[in-house]
Amino acid sequence: MSVSEIALAEGQISQGRGGEFRRGLAASTPVLLGIIPYALVLGAQGAQKGLSVVEVPMMTGFNFAGGSEFAAIQLWTSPPHILLIAAITFLVNSRHLLMGAALAPFLAHLPKRKVFPALFLMCDESWAVGLADAQRRAAQGLRPAFSLPFYLGAALPFYLAWVVFTTCGAALGPVLGDVEKYGFAMAFPAVFLVLMRGMWKGFAAARPWLVSLVVAALTYLIVPGAWYVAAGALSGLAAACFLAGDK
Amino acid sequence: MIDPMTVLAILAMAGVTYLTRIGGYVVLRNRTLSARATAVMEAAPGCVLISVIAPDFVSKNPANLAALAITVLAATRLSMLPTVVIGVASAGALRWLMG
């Protein structure tokens, strides 16, 4: 979501809850189109790892966090290593803790029975759109700053598109055959690298990533199995903790 | 169609993910994180993502390494969709050309 797209969405005059919901829809539509290819790739890769057309939407519908699903599918074995997958899911999604903390002050006017279901739909995109809108409305003096119907309008289409198109990917994957030979495996590094570019805050902040890359690559070459992910991630976190001490 | 171990793994993922979604609101709403904890939390997603794709950086297939180099270059300049298209197309083409 670029600033101009938010500006476009805010140009519309909204009336009541329906208007707020439609304003949310308009704010999220451009990003929505962008996620469809990833949903298809994730579904196809899931099918290749042996997940059925029922299991793929179960994962994407219950979990609804793309980064962790890409990571889990990459590490998927039959039977799956449940603890490894849960731990990796936690590490990939630990950013939600910060995102939720940033959103918390704007949710104070809402009852918990509304906040808890709404937070289920919090993904990078809906969070970014929802928080940006709340900050803008706060600056304009509008109360409440956080508009729940706007947020739902931005978040619900993401949820539906993610579940529907990962299912399509799972159904179409076997028809395409070995997706590996078409080079689709490169979609993972491509998605991950663009996500990391979005998190980029300069070389100094990226030093833990380099530590993770080197340790994970060496572990992958030396130790059999999927331990390289845990080894790389934990050494990067240790580096981040150590480097934070210099400031 | 539905494997019990798969369902268990999916439920474990779903539970963990939902805890991260509500955790920030429940635990952190009335506190401020230390600078060190914030630095670790900010680095965490990138550390995990790069670790997952680390094997691609030490691939023994030259076509894959060349395609990865192109993909890295694309990722620094382009948005998600063109980067994925370029990554997949270069990997497919280079594998075909280089055997």
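This is a predicted model: local features need pLDDT of at least 70, side-chain atom pairs count only at pLDDT 80 or more; totals for chains, interfaces and linings use all residues.

**Starting from one residue**

Let me begin with A:Ala71, which counts as buried because 27 C-beta neighbours lie inside 10 Å of it, the cut-off for that label being 20 or more.

A:Ala71 sits in helix 4 of chain A, which runs over residues 66-75. If we set aside the neighbours within four places in sequence, A:Ala71 is in contact with A:Ile88 and A:Val92 in its own chain, and with B:Val48 and B:Val52 in chain B.

Stepping back to chain A, the domain assignment gives domain 1, covering 3-199, and domain 2, covering 202-247. Between these two domains, five residues of domain 1 are in contact with four residues of domain 2. On the domain 1 side, the element that gives the most is helix 5 of chain A (residues 82-93), with four residues, and by class that side has five nonpolar, no polar and no charged residues.

How many residues of chain A are in contact with chain B? The count is 79 residues of chain A, and they meet 59 residues of chain B. Helix 10 of chain A (residues 187-199) supplies the largest share of the chain A side, namely 12 residues, while the classes on that side come to 59 nonpolar, 16 polar and four charged residues.

Turning to chain B itself, we find four helices and zero strands. Its radius of gyration is 19 Å, whereas a compact globule of 99 residues would have one near 13 Å, and its C-alpha trace spans about 55 × 45 × 25 Å along the principal axes. Of the 99 residues of chain B, 43% count as buried.

Finally, the confidence that I promised to return to. Chain B has a mean pLDDT of 88, with 94% of its residues reaching 70 or more. For the complex, the predictor gives an ipTM of 0.82 and a pTM of 0.71.

Terms used: Residues are numbered from 1 along each chain as its sequence is written. Chains are lettered from A and ligands numbered from 1 in the order in which they are written. Domain bounds come from an automatic or database domain assignment. Two residues are in contact if their C-beta atoms, placed from the backbone, lie within 7 Å. Helices (H or I, at least four residues) and strands (E, at least two) are DSSP runs, numbered from the N terminus. Ala, Val, Leu, Ile, Met, Phe, Trp, Tyr, Cys and Pro count as nonpolar, Asp, Glu, Lys and Arg as charged, and the others, Gly among them, as polar. The radius of gyration is taken over C-alpha atoms; the globule rule is 2.2 Å times the number of residues to the power 0.38. A residue is buried if 20 or more other C-beta atoms lie within 10 Å of its own, exposed if 12 or fewer, and partly exposed in between; C-beta atoms are placed from the backbone. pLDDT is the predictor's confidence in each residue, from 0 to 100.
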